[in-house]
Amino acid sequence: MVSWKSCVTMLCLGIESSCDETSLALVRNGRVVNQKLASQERMHAVFGGVVPELASREHLRIIGPLYDALLAETGLGPEAIDGIAVARGPGLLGSLLVGMGMAKGLALSLDRPLIGVNHLLAHLLAPGLEQELMFPALGLVVSGGHTQIGIIRSGFDFSWLGRTLDDAAGEAFDKTARMLNLPYPGGKIIDALSWFAQPDTGLLPRPYLDNRNLDFSFSGLKTALARIIKENPRLVAPVMEQEPNIAALASSRPGLAELCASLNWSIASTLGVKLRRAVVLYPEVRALIAAGGVAANSRLRQELAEVADDCGLRLIVPSPELCTDNASMIAYTGSLYLQRGCAHGLDLDAIPRGRPIPNDWVQVS
Ligand code: KG4
Ligand code: ZN
């Protein structure tokens, strides 16, 4: 265990490397001092999805230079850092290990406390960097890797109520985009195409609603889409090297925009049904927090606003740059814990996707 330095105005370094974004940030008093972020999106686009081994190697290559740039831009030296927060999972194991190795090395060499942060909780607390949060809140994380609903009673007290049993919502978008030859990650392109048509609400199912739980299953949707695309091969775009001209693509492929609008509707509406169900089960909630890349989806944003309005909840959605993976949310969440005297030892473990994150920090002051 490294030493603990109690510090209310702590400068916390956050490190994020759970998937294909390498990011480091400094947060003080709930405000971002500086952040660096390198996305590997273009590197993985060639393969139509994240290649785990390439992702870890790229994290390893870039993390040191990002750290140097982060400090150089602020004029601060390493000794100014009061604590170190790192995303410990869920995520790709090899990717997480790069950030955790860096965090442990810094904690050891600078003799500063270390805290491992639950990446999904950090997504939900991220808007706290921009506005006051309100608890208890329902939290929805919708990204390329996760679709989870939770109840957050405070930054230290939250539990998951439902999760996807197979594909995440973002995966449903990305896999559909792949079937249509649209570049990776395809969610935002499908969303952009959807503006050129109205959804056909009879075209696609709203999957896994015929039950009483708060879980999701989007794999059936993928099967339905695969059948439609097979029956209508002219929906498929030509192979493209760069981002398409959306208007030209929509007009050259009749039915494509309608399919995209219908997919938007199906996913957003499915999420909306489960959120409304959660409000009935937990009437004490006062706010709805949504985060993750898919929270940028236009139809989902509309659905979230309707749920919040109908249920009397305050809707809290962070700005787009805080919706996707970033180190500011890790530094912010970590600093809440460190300021409470909670820290991890140097034996902190990385947690891969699918395994629960233990509350195994220790109270050091
Ligand atoms: O949170 P995020 O940036 O990263 C990871 O999951 O690692 O989420 C990325 C996901 C991708 O699946 C992408 O297609 C999806 O968010 N996405 C969208 C939109 N923008 C990004 N999906 C639907 N509509 C969008 N506007
Ligand atoms: Zn994430």
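Contact here means heavy atoms within 4.5 Å, and angles run from 0 to 180 degrees between N-to-C directions, with axes taken as lines fitted to C-alpha atoms, for helices over the stretch in contact. Helices (H or I, at least four residues) and strands (E, at least two) are DSSP runs, numbered from the N terminus. The model is predicted, so local features need pLDDT of at least 70 and side-chain atom pairs count only at pLDDT 80 or more, while totals for chains, interfaces and linings use all residues. Residues are numbered from 1 along each chain as its sequence is written, chains are lettered from A and ligands numbered from 1 in the order in which they are written, and side-chain values use heavy atoms, with hydrogens and water left out.

Strands β2 and β3 run antiparallel and are joined by 8 bridges, with Val27 standing opposite Val32 in β3. The loop between β2 (21–28) and β3 (31–39) holds Asn29, a residue other than glycine whose phi is positive, near 55°.

A second open sheet is likewise built from 5 strands with mixed pairing, here in the order β8-β7-β6-β9-β10. Strands β8 (157–163) and β10 (314–316) stand at its edges with a single partner strand each, so one side of each is left without a neighbour in the sheet. From one strand to the next, the twist averages 20°. Strand β9 (residues 287–291) runs parallel to β10, and 3 bridges join the two. Leu288 has Leu315 of β10 as its bridge partner.

In one of them, the axes of α7 (residues 219–231) and α9 (residues 256–281) come within 12 Å and cross at roughly 170°. These two helices are therefore roughly antiparallel to each other; angles under 35 degrees count as roughly parallel, over 145 as roughly antiparallel, 65 to 115 as roughly perpendicular and the rest as oblique. The crossing of α7 past α9 is right-handed, where a crossing is left-handed if the near helix is turned anticlockwise from the far one by less than a right angle, and right-handed if clockwise. Leu221, Leu225, Ile228 and Ile229 of α7 make the contact with Leu259, Leu263, Ser266 and Ile267 of α9. By class, this contact of α7 with α9 has 7 nonpolar, 1 polar and no charged residues (Ala, Val, Leu, Ile, Met, Phe, Trp, Tyr, Cys and Pro count as nonpolar, Asp, Glu, Lys and Arg as charged, and the others, Gly among them, as polar).

In the other packing, α6 (residues 187–194) meets α9 at an angle of about 115°, with the axes 7 Å apart. Helices α6 and α9 are therefore roughly perpendicular to each other, and α6 passes α9 in a left-handed crossing. The contact involves Ile190, Asp191, Leu193 and Ser194 of α6, together with Leu256, Ala257, Cys260, Ala261, Leu263 and Asn264 of α9. Its make-up by class is 7 nonpolar, 2 polar and 1 charged residues.

The loop between α5 (169–179) and α6 contains Pro185, and the peptide bond from Tyr184 to Pro185 is cis, with omega near -10°. Asn181 lies in the loop between α5 and α6 as well; its phi is positive, near 65°. Another cis peptide bond runs from Phe135 to Pro136, with omega near -5°, and Pro136 sits in the loop between α4 and β6 (137–142). Most residues other than glycine have a negative phi, and most peptide bonds are trans.

Finally, the zinc ion (ligand 2) is coordinated at 2.1 Å by His119 (NE2), His123 (NE2) and Asp325 (OD). Donors are N, O and S atoms within 2.8 Å of the metal (3.2 Å for Na, K and Ca), and water is not among the atoms, so sites may look incomplete. Along the chain, the donors of this zinc ion follow the spacing H-x3-H-x201-D. His123 lies in helix α4 (residues 119–125) and Asp325 in the loop between α11 (320–323) and α12 (327–339), so the pair ties together parts that are 202 residues apart in sequence.

Methods: Two strands pair if DSSP finds at least two bridges between them.
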